[in-house]
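Let's take a walk through this protein together, one site at a time. Keep the viewer open as you read.

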Amino acid sequence: MNKTMQAAVVEQFGQPLVIKACPIPTPGPGQILVKTEACGVCHTDLHAMHGDWQLKPALPFIPGHEGIGIVVALGAGVTSVREGERVGVPWLYSACGHCEHCLAAWETVCAEAEFGGYTKNGGFAEYILADPNYVAHIPEGLSAVDAAPLICAGVTTYKGIKETAARPGQWIVISGVGGLGHLAVQYAKAMGLLVCAVDIDDGKLAHATKLGADVVVNAKKGDAVEAVRLATDGGAHGVLITAPSLIAFKQGVGMTRKRGTCVLVGLPPGEFPTPLFDVVANCITIRGSFVGTRQDMNEALAFGASGKVKAVVELQPLSAINQILGRLEKGEVPSRVVIDFSLAAG
Ligand code: NAD
Ligand code: ZN
Ligand code: ZN
């Protein structure tokens with residue numbers, strides 16, 4: 001085996017990633033080594049490389065938290081996965097397993113959680129070190145490139161939709177129909193909801209209609225809140241905001257029906273103004289949601305394996321990573337770009 005691997009590394013915040021040869025890590029006790037087949041590029045990777053959030057990753061680091069690959073080596077004591085198994089290395093890289101949140105099956109908010117492609121090196125590399133207790137188990141019949149977007153964009157939106165508590169036949173707004181949102185539309189339809197898709201790009205909205213959205217609203221044209229309230233007869237029972245834009249958050253609260261729930265998953269840095277009287281008097285719940293638990297992951301992947309949800313992917317080599325991130329920042333990625341490690345570099 002080669003001793004080095006190609007990886008895309010953040011060496012300084014706000015600078016292009018550096019593609020270079022790095023040592024292939026060796027799995028220590030309780031760790032596994034995964035040979036990467038595919039890795040999706042999430043808007044979170046942009047926040048990570050810009051150092052957008054309070055908790056910043058230590059430099060240098062390898063981003064990527066939609067990495068799928070084959071287990072090629074086991075550290076001492078690993079029994080829960082086998083060599084040759086296809087796994088995903090998600091954002092929730094590991095957690096402590098014994099705090100109050102882990103015990104309540106809310107490992108996503110464990111204070112000791114590590115994050116793939118952030119506090120731990122991620123999937124923009126030919127090999128990834130992983131914790132076998134937290135990897136995603138990719139069902140038979142789901143290819144690596146199809147599975148990649150499901151282990152962040154998929155699980156995050158599936159969980160977020162559940163957190164709105166909207167029931168079949170009720171309305172949900174999906175605000176932002178890019179990488180996360182194009183999957184959210186499909187999960188919501190598969191879960192029996194009426195879908196109102198909101199975005200600022202007509203191309204993305206046309207795509208959302210093809211994927212099953214019942215109504216679409218362009219948030220840049222006219223009064224988007226009023227348009228949604230009209231289309232949904234008084235506001236949506238659930239609102240899921242994936243847009244990485246603060247204005248979408250204030251609008252999303254306004255689009256929520258009385259006694260409805262507005263779930264926040266987009267992570268633009270900053271704060272948004274909340275119309276306190278309306279939230280109180282209309283008994284609206286505003287709730288954060290962060291990726292999903294391992295059980296949510298299994299459920300989200302099962303929708304993919306059964307063909308009810310399918311990521312729309314554009315395949316690119318690792319060498320194109322800086323162009324991909326540039327396009328994502330400008331809103332020019334239609335759905336999800338997935339780095340396909342079988343494509344020749346160049
Ligand atoms: P993306 O760039 O693929 O898609 C974002 C979409 O939002 C685009 O279609 C864009 O046109 C649209 N948009 C931009 N401004 C808008 C506005 N004002 N109103 C409506 N739509 C608007 O990004 P993505 O990969 O889907 O990620 C979206 C956000 O979700 C990022 O902030 C990311 O960090 C965050 N995220 C959060 C979690 C979590 O666990 N909470 C997980 C993954 C990603
Ligand atoms: Zn992500
Ligand atoms: Zn814990």
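A charge is said to sit over a ring if NZ of Lys or CZ of Arg is within 6 Å of the ring centre and within 35 degrees of the ring normal. Here, the charged end of Lys159 sits over the ring of Trp106, 4.4 Å from its centre. Before going further, note that this is a predicted model, in which local features need pLDDT of at least 70, side-chain atom pairs count only at pLDDT 80 or more, and totals for chains, interfaces and linings use all residues. Residues are numbered from 1 along each chain as its sequence is written, chains are lettered from A and ligands numbered from 1 in the order in which they are written, and side-chain values use heavy atoms, with hydrogens and water left out.

Let's turn to the metal. Which residues hold the zinc ion (ligand 2) as protein donors? They are Cys42 through SG, His65 through NE2 and Cys152 through SG, at 2.0 to 2.3 Å. Donors are N, O and S atoms within 2.8 Å of the metal (3.2 Å for Na, K and Ca), and as water is not among the atoms, sites may look incomplete. Along the sequence, the spacing of these donor residues reads C-x22-H-x86-C. Cys42 lies in the loop between β3 (32-40) and α1 (43-50), while His65, 23 residues away, lies in the loop between α1 and β4 (67-74). Helices (H or I, at least four residues) and strands (E, at least two) are DSSP runs, numbered from the N terminus. Cys42 counts as buried because its relative accessibility is 3%, and His65 counts as buried at 1%. Buried means under 20% relative accessible area, exposed over 50%, and partly exposed in between (1.4 Å probe, protein chains only).

Next come the aromatic rings. The structure holds eleven aromatic pairs. Rings of Phe, Tyr and Trp (its six-membered ring) pair if their centres lie within 6.5 Å; planes under 30 degrees apart count as stacked, over 60 as edge-to-face and the rest as tilted. Trp53 and Trp91 are edge-to-face, 6.4 Å centre to centre with 90° between the planes. Trp53 is in the loop between α1 and β4 and Trp91 in the loop between β5 (86-89) and β6 (92-94), so this pair ties together parts that are 38 residues apart in sequence. Trp91 also pairs with Phe115: their centres are 5.0 Å apart and their planes at 10°, so this pair is stacked. Phe115 belongs to strand β7 (residues 114-115), 24 residues from Trp91. Both Trp91 and Phe115 are buried. Ring pairs link Trp53, Phe61, Trp91, Phe115, Tyr118 and Phe290 into a cluster.

The backbone has some features to look at too. A cis peptide bond, with omega about -10°, joins Leu59 and Pro60, and Pro60 is in the loop between α1 and β4. Arg259 is not a glycine, yet has a positive phi of about 65°; this residue lies in strand β14 (residues 256-264). Is Arg259 buried or exposed? At 73% relative accessibility, Arg259 counts as exposed. Val291 also has a positive phi, near 35°, and lies in the loop between β15 (285-288) and α10 (294-305). In contrast to Arg259, Val291 counts as buried at 10% relative accessibility.
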